[in-house]
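Have a look at it before reading on.

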Amino acid sequence: MSRATNFFAGPSVLPVEVFQQIAEEMVDYKGTGLSLMETSHRSKTYDEVHNGAVEMMKEIFSIPDNYKVLFLGGGATLQFSMIPLNFLGEGSTADYTLTGTWSKKAAADAAKVGKVNVVFDGKEKNYTTLADASTLKPGEGSKYFHMTSNETIGGIQWKNWPDTGNVPLICDMSSDILSRPVPVEKFGMIYAGAQKNLGPSGATIVIIRDDLVEKCPDSLTAYLNYKTHADSNSLYNTPPVFPIYAINLVLKRMKENGGLEGMVAHNKKKAELLYSAIDNSNGYYRSPVDEAYRSNMNVVFRLPNEDLEKKFIEEATAERMYGLKGHRSVGGCRASIYNSMTIEGVEKLTSFMKDFASKN
Ligand SMILES: *Cc1c(COP(=O)(O)O)cnc(C)c1O
(Lines give C-alpha, C1' and ligand atoms only; values in the text may rest on other atoms or scores of the structure.)
Protein backbone atom coordinates (compact mmCIF):
# COMPACT_ATOMS: atom_id res chain seq x y z
CA MET A 1 0.00 0.00 0.00
CA SER A 2 1.28 3.45 -0.80
CA ARG A 3 -0.59 6.37 0.70
CA ALA A 4 -0.61 9.81 -0.91
CA THR A 5 0.01 12.93 1.17
CA ASN A 6 -3.26 14.61 1.97
CA PHE A 7 -3.45 18.41 2.36
CA PHE A 8 -7.21 18.68 1.77
CA ALA A 9 -9.03 21.22 3.97
CA GLY A 10 -11.88 18.84 4.78
CA PRO A 11 -12.73 16.04 4.83
CA SER A 12 -9.09 15.66 5.60
CA VAL A 13 -6.24 13.40 6.61
CA LEU A 14 -6.86 10.76 9.29
CA PRO A 15 -4.41 8.26 10.78
CA VAL A 16 -3.86 5.26 8.52
CA GLU A 17 -3.88 3.03 11.64
CA VAL A 18 -7.47 4.11 12.30
CA PHE A 19 -8.54 3.15 8.77
CA GLN A 20 -6.82 -0.22 9.19
CA GLN A 21 -8.63 -0.90 12.45
CA ILE A 22 -11.96 0.15 10.90
CA ALA A 23 -11.34 -2.17 7.97
CA GLU A 24 -10.56 -5.05 10.32
CA GLU A 25 -13.65 -4.48 12.45
CA MET A 26 -16.12 -3.51 9.74
CA VAL A 27 -17.65 -6.92 8.94
CA ASP A 28 -17.55 -8.53 12.36
CA TYR A 29 -17.31 -6.03 15.18
CA LYS A 30 -15.29 -7.54 18.05
CA GLY A 31 -16.70 -11.04 17.51
CA THR A 32 -20.36 -9.98 17.76
CA GLY A 33 -21.08 -11.46 14.32
CA LEU A 34 -22.44 -8.07 13.21
CA SER A 35 -20.97 -4.92 11.80
CA LEU A 36 -21.29 -1.97 14.14
CA MET A 37 -22.99 -0.29 11.16
CA GLU A 38 -25.97 -2.66 11.47
CA THR A 39 -26.11 -2.71 15.27
CA SER A 40 -28.77 -0.86 17.26
CA HIS A 41 -27.71 2.45 18.71
CA ARG A 42 -29.54 1.31 21.86
CA SER A 43 -27.29 -1.75 22.27
CA LYS A 44 -24.59 -2.24 24.88
CA THR A 45 -22.06 -2.67 22.07
CA TYR A 46 -22.75 0.79 20.71
CA ASP A 47 -23.09 2.30 24.18
CA GLU A 48 -19.43 1.64 24.84
CA VAL A 49 -18.39 3.35 21.65
CA HIS A 50 -20.67 6.34 22.21
CA ASN A 51 -19.80 6.94 25.86
CA GLY A 52 -16.17 6.14 25.16
CA ALA A 53 -16.05 9.01 22.66
CA VAL A 54 -17.74 11.38 25.13
CA GLU A 55 -15.39 10.42 27.99
CA MET A 56 -12.27 10.58 25.83
CA MET A 57 -13.26 14.02 24.57
CA LYS A 58 -13.75 15.24 28.17
CA GLU A 59 -10.45 13.82 29.27
CA ILE A 60 -8.24 14.99 26.40
CA PHE A 61 -9.77 18.48 26.15
CA SER A 62 -10.03 18.93 29.98
CA ILE A 63 -13.75 19.68 29.85
CA PRO A 64 -15.19 20.59 33.28
CA ASP A 65 -18.06 18.55 34.76
CA ASN A 66 -20.67 21.26 34.19
CA TYR A 67 -20.48 20.79 30.41
CA LYS A 68 -22.16 18.23 28.16
CA VAL A 69 -20.47 16.75 25.12
CA LEU A 70 -22.98 16.18 22.32
CA PHE A 71 -22.70 14.56 18.90
CA LEU A 72 -25.18 16.03 16.43
CA GLY A 73 -25.85 15.88 12.70
CA GLY A 74 -26.05 18.72 10.19
CA GLY A 75 -22.41 19.79 10.26
CA ALA A 76 -21.06 22.93 11.87
CA THR A 77 -23.40 24.72 9.47
CA LEU A 78 -26.51 23.59 11.38
CA GLN A 79 -24.97 25.21 14.47
CA PHE A 80 -25.06 28.56 12.66
CA SER A 81 -28.88 28.20 12.90
CA MET A 82 -29.22 26.38 16.21
CA ILE A 83 -27.18 28.93 18.17
CA PRO A 84 -29.41 31.94 17.36
CA LEU A 85 -32.60 29.84 17.52
CA ASN A 86 -31.73 28.73 21.05
CA PHE A 87 -30.04 31.81 22.47
CA LEU A 88 -30.88 34.88 20.42
CA GLY A 89 -34.58 35.30 19.72
CA GLU A 90 -36.36 38.08 17.87
CA GLY A 91 -35.45 41.59 18.91
CA SER A 92 -32.34 40.57 20.90
CA THR A 93 -28.73 41.16 19.94
CA ALA A 94 -25.67 38.90 19.80
CA ASP A 95 -22.04 39.85 19.16
CA TYR A 96 -20.21 38.44 16.15
CA THR A 97 -16.62 38.73 15.00
CA LEU A 98 -16.29 38.80 11.20
CA THR A 99 -12.98 37.22 10.34
CA GLY A 100 -13.60 35.38 7.07
CA THR A 101 -15.93 33.06 5.22
CA TRP A 102 -17.13 30.91 8.10
CA SER A 103 -17.80 33.62 10.69
CA LYS A 104 -19.67 35.64 8.06
CA LYS A 105 -21.91 32.65 7.33
CA ALA A 106 -22.58 32.22 11.05
CA ALA A 107 -23.46 35.92 11.41
CA ALA A 108 -25.70 35.88 8.31
CA ASP A 109 -27.82 33.10 9.81
CA ALA A 110 -28.03 34.89 13.18
CA ALA A 111 -29.21 38.06 11.43
CA LYS A 112 -32.27 36.12 10.22
CA VAL A 113 -33.25 35.41 13.82
CA GLY A 114 -32.27 38.57 15.71
CA LYS A 115 -29.82 41.45 15.63
CA VAL A 116 -26.09 41.09 15.03
CA ASN A 117 -23.64 43.47 16.65
CA VAL A 118 -20.30 43.34 14.83
CA VAL A 119 -17.50 43.59 17.40
CA PHE A 120 -14.67 42.96 14.97
CA ASP A 121 -14.63 43.18 11.19
CA GLY A 122 -11.53 42.20 9.21
CA LYS A 123 -12.99 43.44 5.93
CA GLU A 124 -10.76 46.51 5.54
CA LYS A 125 -7.63 44.33 5.59
CA ASN A 126 -9.32 41.70 3.44
CA TYR A 127 -9.57 39.28 6.40
CA THR A 128 -5.81 38.77 6.62
CA THR A 129 -5.44 39.86 10.22
CA LEU A 130 -7.15 39.69 13.60
CA ALA A 131 -6.72 41.57 16.88
CA ASP A 132 -5.64 41.04 20.44
CA ALA A 133 -8.83 39.29 21.53
CA SER A 134 -8.48 40.59 25.10
CA THR A 135 -9.35 44.06 23.76
CA LEU A 136 -12.76 42.87 22.45
CA LYS A 137 -15.78 43.63 24.60
CA PRO A 138 -19.35 42.34 24.34
CA GLY A 139 -22.09 44.84 23.53
CA GLU A 140 -24.66 46.07 26.04
CA GLY A 141 -27.34 43.41 26.66
CA SER A 142 -25.76 40.94 24.25
CA LYS A 143 -27.10 37.36 24.43
CA TYR A 144 -23.77 35.77 23.45
CA PHE A 145 -20.46 36.49 21.79
CA HIS A 146 -19.54 34.41 18.75
CA MET A 147 -16.12 33.85 17.21
CA THR A 148 -14.42 31.44 14.81
CA SER A 149 -11.13 30.29 16.30
CA ASN A 150 -9.53 29.39 12.98
CA GLU A 151 -10.65 30.64 9.57
CA THR A 152 -10.04 27.59 7.42
CA ILE A 153 -10.12 29.41 4.07
CA GLY A 154 -8.21 32.59 4.96
CA GLY A 155 -5.66 30.78 7.16
CA ILE A 156 -5.89 33.01 10.23
CA GLN A 157 -6.26 31.92 13.84
CA TRP A 158 -7.06 33.79 17.05
CA LYS A 159 -4.19 33.51 19.52
CA ASN A 160 -6.08 34.45 22.69
CA TRP A 161 -9.66 34.81 23.94
CA PRO A 162 -11.82 37.75 24.98
CA ASP A 163 -13.10 38.15 28.49
CA THR A 164 -16.84 38.36 27.94
CA GLY A 165 -17.94 38.37 31.60
CA ASN A 166 -21.53 37.13 31.92
CA VAL A 167 -22.07 37.05 28.16
CA PRO A 168 -21.56 33.44 27.00
CA LEU A 169 -18.62 33.02 24.65
CA ILE A 170 -19.49 30.68 21.78
CA CYS A 171 -16.81 29.48 19.41
CA ASP A 172 -16.67 27.58 16.12
CA MET A 173 -13.54 25.44 16.47
CA SER A 174 -14.24 23.25 13.44
CA SER A 175 -10.76 23.50 12.00
CA ASP A 176 -8.56 23.62 15.09
CA ILE A 177 -10.30 21.70 17.86
CA LEU A 178 -7.86 19.55 19.87
CA SER A 179 -4.90 21.14 18.11
CA ARG A 180 -4.02 23.38 21.07
CA PRO A 181 -5.02 23.82 24.71
CA VAL A 182 -8.16 25.89 25.27
CA PRO A 183 -9.51 27.16 28.61
CA VAL A 184 -12.89 25.46 28.08
CA GLU A 185 -14.26 27.06 31.29
CA LYS A 186 -14.15 30.48 29.57
CA PHE A 187 -16.68 29.29 26.98
CA GLY A 188 -20.43 28.86 27.10
CA MET A 189 -20.27 26.59 24.07
CA ILE A 190 -17.70 25.20 21.64
CA TYR A 191 -18.67 23.40 18.47
CA ALA A 192 -16.86 21.71 15.60
CA GLY A 193 -17.66 19.66 12.54
CA ALA A 194 -15.68 16.43 12.93
CA GLN A 195 -14.18 16.23 9.46
CA LYS A 196 -11.16 18.48 9.93
CA ASN A 197 -9.39 17.36 13.06
CA LEU A 198 -11.39 14.53 14.57
CA GLY A 199 -12.82 12.05 12.12
CA PRO A 200 -14.94 11.62 9.01
CA SER A 201 -17.80 13.98 8.17
CA GLY A 202 -21.28 13.43 9.57
CA ALA A 203 -20.91 14.32 13.23
CA THR A 204 -20.65 17.70 14.91
CA ILE A 205 -19.28 17.99 18.42
CA VAL A 206 -21.03 20.44 20.72
CA ILE A 207 -19.54 21.18 24.13
CA ILE A 208 -22.16 23.13 26.03
CA ARG A 209 -22.32 24.50 29.59
CA ASP A 210 -25.28 23.31 31.69
CA ASP A 211 -26.71 26.79 32.33
CA LEU A 212 -26.97 27.40 28.57
CA VAL A 213 -28.84 24.12 28.12
CA GLU A 214 -31.37 25.40 30.66
CA LYS A 215 -31.90 28.57 28.61
CA CYS A 216 -33.08 26.73 25.47
CA PRO A 217 -36.70 27.67 24.70
CA ASP A 218 -39.43 24.98 24.87
CA SER A 219 -41.04 26.54 21.81
CA LEU A 220 -38.36 25.06 19.53
CA THR A 221 -38.94 21.80 17.68
CA ALA A 222 -37.21 18.84 19.27
CA TYR A 223 -34.11 18.36 17.16
CA LEU A 224 -33.24 22.07 17.07
CA ASN A 225 -33.28 22.34 20.87
CA TYR A 226 -29.96 21.60 22.59
CA LYS A 227 -31.85 20.46 25.69
CA THR A 228 -33.32 17.52 23.74
CA HIS A 229 -29.82 16.23 23.01
CA ALA A 230 -28.31 17.11 26.39
CA ASP A 231 -31.11 15.28 28.24
CA SER A 232 -30.74 12.16 26.12
CA ASN A 233 -26.94 11.95 25.82
CA SER A 234 -27.23 12.58 22.04
CA LEU A 235 -29.46 9.52 21.69
CA TYR A 236 -32.80 11.26 21.14
CA ASN A 237 -32.69 9.98 17.58
CA THR A 238 -30.21 7.78 15.74
CA PRO A 239 -26.84 9.46 16.16
CA PRO A 240 -24.18 9.52 13.41
CA VAL A 241 -22.87 6.13 14.48
CA PHE A 242 -20.03 5.70 12.01
CA PRO A 243 -18.30 9.06 12.57
CA ILE A 244 -18.68 8.72 16.35
CA TYR A 245 -17.04 5.28 16.17
CA ALA A 246 -14.18 6.69 14.08
CA ILE A 247 -13.79 9.72 16.38
CA ASN A 248 -13.47 7.33 19.31
CA LEU A 249 -10.59 5.57 17.55
CA VAL A 250 -8.89 8.86 16.58
CA LEU A 251 -9.12 10.09 20.19
CA LYS A 252 -7.78 6.80 21.57
CA ARG A 253 -4.79 7.10 19.30
CA MET A 254 -4.30 10.70 20.30
CA LYS A 255 -4.30 9.68 23.96
CA GLU A 256 -1.66 7.02 23.28
CA ASN A 257 0.49 9.65 21.56
CA GLY A 258 0.71 12.07 24.48
CA GLY A 259 -2.82 13.55 24.41
CA LEU A 260 -3.24 17.24 23.80
CA GLU A 261 0.30 18.07 24.91
CA GLY A 262 1.75 15.64 22.40
CA MET A 263 -0.46 17.11 19.70
CA VAL A 264 0.61 20.67 20.49
CA ALA A 265 4.30 19.80 20.05
CA HIS A 266 3.55 17.85 16.87
CA ASN A 267 1.53 20.70 15.35
CA LYS A 268 4.04 23.37 16.35
CA LYS A 269 6.83 21.50 14.61
CA LYS A 270 4.83 21.11 11.39
CA ALA A 271 3.77 24.76 11.27
CA GLU A 272 7.34 25.92 11.93
CA LEU A 273 8.66 23.73 9.13
CA LEU A 274 6.17 25.04 6.62
CA TYR A 275 6.24 28.73 7.56
CA SER A 276 10.02 28.76 7.61
CA ALA A 277 10.05 27.22 4.12
CA ILE A 278 7.89 30.19 3.05
CA ASP A 279 9.88 32.83 4.98
CA ASN A 280 13.27 31.51 3.84
CA SER A 281 12.43 31.45 0.14
CA ASN A 282 13.71 34.99 -0.60
CA GLY A 283 10.17 36.08 -1.32
CA TYR A 284 9.40 33.31 -3.83
CA TYR A 285 6.65 32.03 -1.55
CA ARG A 286 4.66 34.62 0.32
CA SER A 287 2.15 34.35 3.12
CA PRO A 288 -0.67 36.90 2.63
CA VAL A 289 -1.53 36.66 6.31
CA ASP A 290 -0.41 38.84 9.24
CA GLU A 291 2.42 36.90 10.87
CA ALA A 292 0.93 37.36 14.35
CA TYR A 293 -2.24 35.45 13.42
CA ARG A 294 -0.97 32.75 11.10
CA SER A 295 -2.94 29.54 11.35
CA ASN A 296 -1.16 26.41 12.55
CA MET A 297 -3.72 24.31 10.67
CA ASN A 298 -4.31 25.95 7.27
CA VAL A 299 -1.18 27.46 5.77
CA VAL A 300 -2.01 29.73 2.83
CA PHE A 301 0.69 30.96 0.49
CA ARG A 302 1.23 32.59 -2.87
CA LEU A 303 3.85 32.14 -5.59
CA PRO A 304 5.20 34.94 -7.85
CA ASN A 305 2.23 34.60 -10.23
CA GLU A 306 -0.88 32.55 -10.92
CA ASP A 307 0.69 30.55 -13.74
CA LEU A 308 3.38 29.33 -11.38
CA GLU A 309 0.75 28.52 -8.78
CA LYS A 310 -1.06 26.37 -11.32
CA LYS A 311 2.17 24.62 -12.26
CA PHE A 312 3.08 24.14 -8.59
CA ILE A 313 -0.23 22.46 -7.85
CA GLU A 314 -0.02 20.26 -10.96
CA GLU A 315 3.49 19.08 -10.20
CA ALA A 316 2.72 18.52 -6.52
CA THR A 317 -0.30 16.46 -7.53
CA ALA A 318 1.92 14.40 -9.83
CA GLU A 319 4.10 13.74 -6.75
CA ARG A 320 0.92 12.57 -4.98
CA MET A 321 0.57 15.59 -2.71
CA TYR A 322 -3.13 16.37 -2.91
CA GLY A 323 -5.37 19.26 -1.90
CA LEU A 324 -2.90 22.15 -2.22
CA LYS A 325 -5.14 24.42 -4.25
CA GLY A 326 -6.40 27.42 -2.28
CA HIS A 327 -10.14 27.85 -1.85
CA ARG A 328 -11.76 29.13 -5.05
CA SER A 329 -12.81 32.35 -3.28
CA VAL A 330 -9.22 33.40 -2.48
CA GLY A 331 -7.00 31.53 -4.97
CA GLY A 332 -3.34 30.72 -4.32
CA CYS A 333 -2.21 27.65 -2.43
CA ARG A 334 -3.20 26.18 0.90
CA ALA A 335 -1.73 23.28 2.83
CA SER A 336 -4.00 21.99 5.58
CA ILE A 337 -1.82 20.31 8.18
CA TYR A 338 -4.37 19.09 10.71
CA ASN A 339 -3.59 16.88 13.70
CA SER A 340 -3.25 13.68 11.68
CA MET A 341 -0.80 15.13 9.14
CA THR A 342 2.62 13.60 9.77
CA ILE A 343 5.92 15.48 10.05
CA GLU A 344 7.13 13.42 7.06
CA GLY A 345 4.18 14.70 5.03
CA VAL A 346 5.14 18.31 5.72
CA GLU A 347 8.80 17.57 5.03
CA LYS A 348 7.86 16.10 1.68
CA LEU A 349 6.07 19.35 0.84
CA THR A 350 8.84 21.68 2.04
CA SER A 351 11.49 19.81 0.07
CA PHE A 352 9.26 19.92 -3.01
CA MET A 353 8.81 23.68 -2.45
CA LYS A 354 12.58 24.28 -2.35
CA ASP A 355 13.07 22.22 -5.45
CA PHE A 356 10.26 23.92 -7.34
CA ALA A 357 11.51 27.42 -6.46
CA SER A 358 15.04 26.67 -7.69
CA LYS A 359 13.74 25.23 -10.98
CA ASN A 360 11.16 27.94 -11.65
C1 LIG B 1 -15.62 23.41 7.50
C2 LIG B 1 -16.06 24.49 8.42
C3 LIG B 1 -17.42 24.74 8.69
C4 LIG B 1 -18.53 23.99 8.00
O5 LIG B 1 -18.59 22.72 8.45
P6 LIG B 1 -19.71 21.68 7.91
O7 LIG B 1 -19.52 20.55 8.84
O8 LIG B 1 -19.37 21.40 6.49
O9 LIG B 1 -21.04 22.33 8.04
C10 LIG B 1 -17.73 25.72 9.60
N11 LIG B 1 -16.79 26.44 10.22
C12 LIG B 1 -15.47 26.23 9.98
C13 LIG B 1 -14.46 27.05 10.70
C14 LIG B 1 -15.07 25.26 9.08
O15 LIG B 1 -13.77 25.04 8.84
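This is a predicted model: local features need pLDDT of at least 70, side-chain atom pairs count only at pLDDT 80 or more; totals for chains, interfaces and linings use all residues.

1. Numbering starts from 1 along each chain as its sequence is written, and side-chain values use heavy atoms, with hydrogens and water left out.

2. Start with the ligand: 13 residues surround it, and Thr77, Thr152, Asp172, Gln195 and Lys196 are the closest (a residue is near if one of its heavy atoms lies within 4 Å). Helix H3, residues 75-87, gives the largest share of this shell, four residues (helices are DSSP runs of H or I, at least four residues, numbered from the N terminus).

3. Now zoom in on the ligand's oxygen atoms. An N or O atom in the Thr77 side chain is 2.5 Å from one, a polar side-chain atom of Gln195 sits 2.9 Å from one, and a backbone N or O atom of Ala76 is 3.0 Å from one.

4. Then turn to H8 (residues 259-279) and H10 (residues 343-359): their axes come within 10 Å and cross at roughly 5 degrees (axes are lines fitted to C-alpha atoms over the stretch in contact, with angles from 0 to 180 degrees between N-to-C directions). So H8 is roughly parallel to H10, a label for angles under 35 degrees.

5. Where do H8 and H10 meet? Among the residues involved are Leu273 and Leu274 in H8, and Val346 and Leu349 in H10, with contact meaning heavy atoms within 4.5 Å.

Methods: A polar contact is a pair of N or O atoms within 3.5 Å; within protein, one must be able to donate a hydrogen and the other to accept it, and residues adjacent in sequence count only if both atoms are side-chain atoms. Helices (H or I, at least four residues) and strands (E, at least two) are DSSP runs, numbered from the N terminus. Angles under 35 degrees count as roughly parallel, over 145 as roughly antiparallel, 65 to 115 as roughly perpendicular and the rest as oblique.
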